[in-house]
Amino acid sequence: MSSRKAFLQKAGLALFSIGVGGVPAFLATAAGSDKITRPYKKKKILVFIFQRGAMDGLMAVTPFTDSFLKAARPTLFMDAAKASAGKSLIDLDGRFGLHPSMGAFESLFREKRLAIAHGMGSPNNTRSHFDAQDYMESGTPFSKGTASGWLNRAIGLMGHDGTPFRAVSITAALPRSFYGDNETMAISNLQDFAIQLKGNPMGANAAAKSFEELYDQTTTSLLSKTGKESFEAIKMLQKTDVKNYRPATGVIYPASPLGNSLKQIAQMIKMDVGLEVAFAESGGWDTHFNQGTENGIFARNVADLSNSIAAFWKDIEPMQDDITLMTSTEFGRTVKQNGTGGTDHGRASCAFILGNDVNGGSVLGDIKPLSIENLADGRDLAVTTDFRSIFSEVANAHLHINDNKILFPEWSGGKAGVMK
Amino acid sequence: MIQAGKIFFVLTVCLLVNLLFSSFNKQDAHPVNFKMPFKQAGFTERQAAAHLIDRFTFGNSPGYLDEVIKSGLENWFLQQLEGKQNDADLNKRLSGYDALQMSNTQVLTKFPRTATIVKEAVAEGIISKDSLKENGKKEYREAVKAYMEQKGYKPQQELFRQFVSQKILSAAYSNNQLHQVLTEFWFNHFNVSISKNQCAPYIPAYERDVIRPNVAGKFGTLLLATAQSPAMLFYLDNFSSSGENSDFKQRQEKLQQRLEKKASQANDEDPSGDKAKLMEKLSTNKKNQGLNENYAREIMELHTLGVDGGYSQQDVTNAAKVLTGWTVYPMANGPASAVKKMIERFGEDNLAAKGFVHDGDFFFAINRHDNGAKTVLGKPFAAGGGYQDGLDLINLLAHHAATAKFICKKLAVKFVSDNPPASLTDKMAATFLANNGDIKEVLKTMVAAPEFWTKDAIAQKTKSPLELAISSVRALDATVNMPFLMYQWVSKMGQKLYYYQAPTGFPDKGQYWINTGALLNRMNFGLAFASQKIPGVEFNLAAINNNHEPESAIDALKTYSKIILPERDVDATIKRLTALVNDPSIQQKIDEAAGKATSNSDQNHVAMGGNQDADEIMLDQKNGRILTEDKLARKNLGKRTKAGNEMMPSAAGNNSMLAQVVGIIIGSPEFQKR
């Protein structure tokens, strides 16, 4: 409560300070001199990446000693043996190998900051992208009507107020995970967070001033409160040059949607705007055709995923203790490759969890030999780790949320063991 | 015992209501006697008309308020309930959209899924199976494109582009405004989502044939129509639901046994060998059977009784059993299905004789229906009831007291306030039960109630992004030439229509719509719209002020506040802004900046055409058509800028000032409310 008030008071100093694409001097004076001191206690931050389309967990992190897998994937199987032609898997522990394009993850894994939860998935065996994503994001795998998303409930359970930037999704529309009563924001580009009028920045400035005045004085409390926050938020963002953000030395983000999203999340973290839950998406995982091995669609996807995450992790190095990053995907893919050089919809996949408080350095989960008897429905990697046992553990340990009955109703499982 | 009590209670309520409202019902026969008690509440006729327009339309337009008064408030409302005003103007605007009148079958034929197209092209030998592996390659894409052109196929995105454009145009230009508002309300109540591929192609017909004709009819008719629509059957999975006690299940079990026996005999461990194939068949077989409770749960929780409507998990399971076999009739070019094969094999007449029912796109497959006895909400359904049981269940739900309460509350939240008084919703629920769920009667009860006419109810609702955008179009009498771009603004403000994923629909409360990011986008929308920087939007600000140009910024502010926000108290807004507008240094700078911007057509061109946000919103749907539209917008703007600048009025200074003032009014707190 107090932090929210403090935020408003702190930032509520000046009307008049909105600029667009470079703050005009006559308007900027007030804002420029107003040095923002941190108005709230430093919070933990969770970054959640949803890999839409269902990642082939068996290719990302391959149980390469499994002869059944080798037989099931005549052209897709890769080995860790260095002698084989082309690139080989990165041997993690003698049994599992990282895809060669995920080299950026190796050091994080060896440093025991990166955990891999294999056999991760949902107890609902739907193989529809829509349904599986919906269930995973609502956090209720057998109930469609759940109005809220699990991250929105998580925000509600934190037990303290936040800034307008508390929960931000770098997407055009609000993701299902963010649906709910607690305030969240979807924004595809931080630069858009301003009063804008294309071709007429001066007009936008004058209008901004008018809007700020009008919202400040309106008697409708919802509009006046949110209006104030909007302008304070703009001012917060203007403390730094959002457009020309320069990551830490030596950090290069991939020029991809995910790289761009994580870069913006890093920006918000460094600007100290009160971010606590960030959401980003990664696409292109639905590899029915021509999945490729060391090169190809899948290799490009995992390269983007691991390089984006590694760049982000390095970029926010001084704040790493406060941040945990977690990936998930709606389901995995068939053990057997299909007739078009790809894989079809399956059951379990794997998740990556990164952070200094993560129980990293091992591939967690119960992966049995991939003989037909051990497969789900005779074809897929079985789900041995319920996604909720990972999500809840991360939320409990990192965000200090304790009420799992609200976070994941109708569930009472244990921990996956991904956190220290 | 409890159930019997409940039924007795319902009967009692019905009886009481009939007694109480018998005089009211008499009035219904003579609409002249239908009265809205606004005078008693201290409203002038103009204030009352403005309030009605705020609540039952997508916004006032110049001269409309006078028309409402001229027809008489009560009469206007009754006409709007009927929804039979001439819509020739709207129909003309919609005439260019060829997909809007298509049946589901036609849609599937014209806009097949990419997977269907590829499969067909492979079968015809146009595309080789090997080239599927080249999926991402340019040659492959071009081969698919050429095949589509040859066959006359269009991408599905084109269907949705037409569909959402239709939404924008209908909301803005229909003379049957209340029916448009109700269409949005009921669609959202019975939400389905384009984000679920399986149900997406059926959604345009869903709105047109299932929702629209029933928005002001009997609730039960609407409920049944949704229950039998392909969009809903696919969205909430009932199409695949089958019963334990069904022929289908027995057949599947026999198949299962055969497969299992074979699988146990095959002892090779080769993952691509026979055993694996058998196991896969087994898994598909398993997938094709079983009860799916999704629809049964949501029809109770979200569509009728409400979450506190007094049903149990057992009721959900049993309702699901009652509805087993309710599925979609296989369509030409639709996905292959067991039902399709069965119809081909046995013939429709034979099936009808056995209790199968075919009605339009709906199909009742009695072989999948659970034949056992069930009880739902205390009502017994004897074994072997078949199709009629489903109808009876839906009828029971449609007329339940909890449904009356739940639906009437939702209507009152939509039309009165986020927290409507119980005294009002009780009256509405009583009407609902007494009149067989007649939506018109319920709405009449609502506006005839003193609770509707309290002064503090004025402008208490927050506009949804769609309401904000359309009320802007109407307020300025604007022409929208590229409605899709308006749709993208609505999405950006937080309401990606038809894509809301959860069956709850968008929450109808101010707090949901107003957050920091969304509010900024609303202000930016106001500025972009008023300065005609949304491609395809055209209007003449002078025309709505009798071609009189305001003499100063203050004059503009006063005049246009009153035009755009009739009967609202805008004195505070004007007072707040006067000081700002009067600041000469700012005014000069705006004029200078605007002058520069307009004189430099290239700069303007780039700034307006680079519709980055729009591109981002449609990122998941890369589609030639949309890009073409964007390009077209760019081209048109270029032309206009050169040819004497129709869109940017010539006297840059003064008119940009006026646009600026109007933009601020549209982005102001007062205009966010209705």
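The legends below describe close-up views of a predicted model. In this predicted model, local features need pLDDT of at least 70 and side-chain atom pairs count only at pLDDT 80 or more, whereas totals for chains, interfaces and linings use all residues. Residues are numbered from 1 along each chain as its sequence is written, chains are lettered from A in the order in which they are written, and side-chain values use heavy atoms, with hydrogens and water left out.

**View 1. An edge-to-face ring pair joins A:F48 and A:F391.**
Rings of Phe, Tyr and Trp (its six-membered ring) are taken as a pair if their centres lie within 6.5 Å, and planes under 30 degrees apart count as stacked, over 60 as edge-to-face and the rest as tilted. By this rule there are 48 aromatic pairs over all chains. With ring centres 5.3 Å apart and planes at 80°, A:F48 and A:F391 form an edge-to-face pair. The pair links distant parts of the chain, since A:F48 belongs to strand β1 (residues 45-51) of chain A and A:F391 to helix α12 (residues 387-399) of chain A, 343 residues apart; helices (H or I, at least four residues) and strands (E, at least two) are DSSP runs, numbered from the N terminus. A:F48 is buried at 1% relative accessibility, and A:F391 is buried at 1% as well, where buried means under 20% relative accessible area, exposed over 50% and partly exposed in between (1.4 Å probe, protein chains only).

**View 2. Ring pairs link A:F48 and A:F391 into a cluster with other aromatic residues of chain A.**
The cluster also holds A:F50, A:W150, A:F178, A:F279, A:F387, A:F408 and A:W411.

**View 3. Strand β8 (residues 277-282) of chain A is largely enclosed by the rest of the structure.**
Five of the six residues of β8(A) are buried, which is why the strand is described as largely enclosed. Two strands pair if DSSP finds at least two bridges between them. β1(A) and β8(A) run parallel and are joined by six bridges, with A:F279 in β8(A) as the bridge partner of A:F48. Strand β6 (residues 167-169) of chain A also runs parallel to β8(A), through three bridges, and there A:S169 stands opposite A:F279.

**View 4. A salt bridge connects A:E137 and A:R52.**
A salt bridge is a side-chain nitrogen of Lys or Arg within 4 Å of a carboxyl oxygen of Asp or Glu, and the structure holds 46 of them over all chains. In this one, the N to O distance is 2.8 Å. A:E137 lies in helix α6 (residues 129-138) of chain A and A:R52 in the loop between β1 and α3 (57-60) of chain A, so the pair ties together parts that are 85 residues apart in sequence. A:E137 is buried, with a relative accessible area of 0%, and A:R52 is buried at 18% relative accessibility.

**View 5. A salt bridge in chain B joins B:K461 and B:D418.**
The closest N and O atoms of the two side chains are 2.6 Å apart. B:K461 lies in the loop between α23 (439-448) and α24 (465-475) of chain B, and B:D418 in the loop between α21 (401-415) and α22 (422-434) of chain B, so the contact ties together parts that are 43 residues apart in sequence. B:K461 counts as buried at 1% relative accessibility, whereas B:D418 counts as partly exposed at 24%.

**View 6. Three strands of chain B form an open antiparallel sheet in the order β1-β3-β2.**
The edge strands, each pairing on one side only, are β1 (326-328) and β2 (357-359) of chain B. Between β1(B) and strand β3 (residues 362-364) of chain B, the antiparallel pairing spans three bridges, and B:F364 in β3(B) is the bridge partner of B:W326.
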